[in-house]
Amino acid sequence: MAMNDPLGDMLTRIRNAQMRHKSTVRTPASKVRAWVLDVLLAEGYIRGYEPVTSAAGHPELEISLKYYDGEPVIRELKRVSKPGRRVYSGVREIPQVRQGLGVAIVSTPKGIMSDAQARADNVGGEVLCTVF
């Protein structure tokens, strides 16, 4: 089966791994995935990630998940813009996640960044996902 939404796949892998309280989870490597992970890392939602090679020799990213008091730091990870329905927003319409407690990850002409960063740089773009 073809993979239509690699980013959605990665988010689902993170959600599933957290439900099982895994310390790490692997996802096939791609630039977009790495950029989204950079934002999650900068915002403190994951411990980190590193490029590894799978048993079959494919490049993968190993994501170290973060827990606080035994609970996952990421309580909600939602895909906003899907392959079937892209969601774009101008800099003024970028959504606030949980009154600013969460983060929207936006793909802008200046790269993939958090909603706060996009507002600071005065750019809009495609709202990839929200994290809370």
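## Close-up views of a predicted model

**View A. R98 and its contacts.** Not counting residues up to four places away in sequence, R98 touches E76 and F132. Contact means that heavy atoms lie within 4.5 Å. This is a predicted model, in which local features need pLDDT of at least 70 and side-chain atom pairs count only at pLDDT 80 or more, while totals for chains, interfaces and linings use all residues. Residues are numbered from 1 along each chain as its sequence is written, and side-chain values use heavy atoms, with hydrogens and water left out. R98 is found in the loop between β7 and β8. Strands (E, at least two residues) and helices (H or I, at least four) are DSSP runs, numbered from the N terminus. With a relative accessible area of 38%, R98 is partly exposed. That term covers the range between buried, under 20% relative accessible area, and exposed, over 50% (1.4 Å probe, protein chains only). R98 and V131 are 33 residues apart along the chain, and their C-alpha atoms are separated by 9.5 Å.

**View B. R92, in the loop between β7 and β8.** This loop joins β7 (88-89) to β8 (103-108), and R92 has its place there. Is R92 buried or exposed? At 76% relative accessibility, R92 counts as exposed. Its C-alpha atom is separated by 33 Å from that of N16. Along the chain, R92 and N16 are 76 residues apart.

**View C. S89, a buried residue in β7.** S89 is found in strand β7. Its relative accessible area is 11%, so S89 counts as buried. Which residues does S89 contact, leaving aside its neighbours within four places in sequence? They are I94, P95, G124, G125 and V127.

**View D. The crossing of α1 and α2.** Helix α1 spans residues 6-19 and helix α2 spans residues 31-42. Their axes come within 10 Å and cross at roughly 45°. Axes are lines fitted to C-alpha atoms, for helices over the stretch in contact, and angles run from 0 to 180 degrees between N-to-C directions. The two helices α1 and α2 are therefore oblique to each other. Oblique is what remains after roughly parallel (under 35 degrees), roughly antiparallel (over 145) and roughly perpendicular (65 to 115). The crossing of α1 and α2 is right-handed: the near helix is turned clockwise from the far one by less than a right angle. On the α1 side, P6, L7, D9, M10 and I14 take part. They meet R33, V36, L37 and L40 in α2. Seven residues of this contact are nonpolar, none is polar and two are charged. Ala, Val, Leu, Ile, Met, Phe, Trp, Tyr, Cys and Pro count as nonpolar; Asp, Glu, Lys and Arg count as charged; the others, Gly among them, count as polar.

**View E. An open sheet of three strands.** The strand order is β1-β3-β2, with antiparallel pairing. β1 (24-28) and β2 (46-53) stand at the edges with a single partner strand each, so one side of each has no neighbour in the sheet. On average, neighbouring strands of this sheet are turned by 25° against each other, direction ignored. Two strands pair if DSSP finds at least two bridges between them. The helices lie across the sheet strands as follows. α1 lies across β1 and β3, at about 165° to β1. α2 lies across β1, β2 and β3, at about 155° to β2.

**View F. β3 and its partner strands.** β3 is mostly covered, with five of its seven residues buried. β2 and β3 (residues 59-65) pair in the antiparallel sense over seven bridges. P51 stands opposite L61, E50 stands opposite E62, and V52 has E60 as its bridge partner. Five residues lie between the strands in the hairpin of β2 and β3, where G57 takes a positive phi near 90°. β1 and β3 pair in the antiparallel sense over five bridges. Here T27 stands opposite L61, and the bridge partner of P28 is E60.

**View G. The two faces of β1.** Side chains alternate along β1. V25 and T27 point to one face and are buried.
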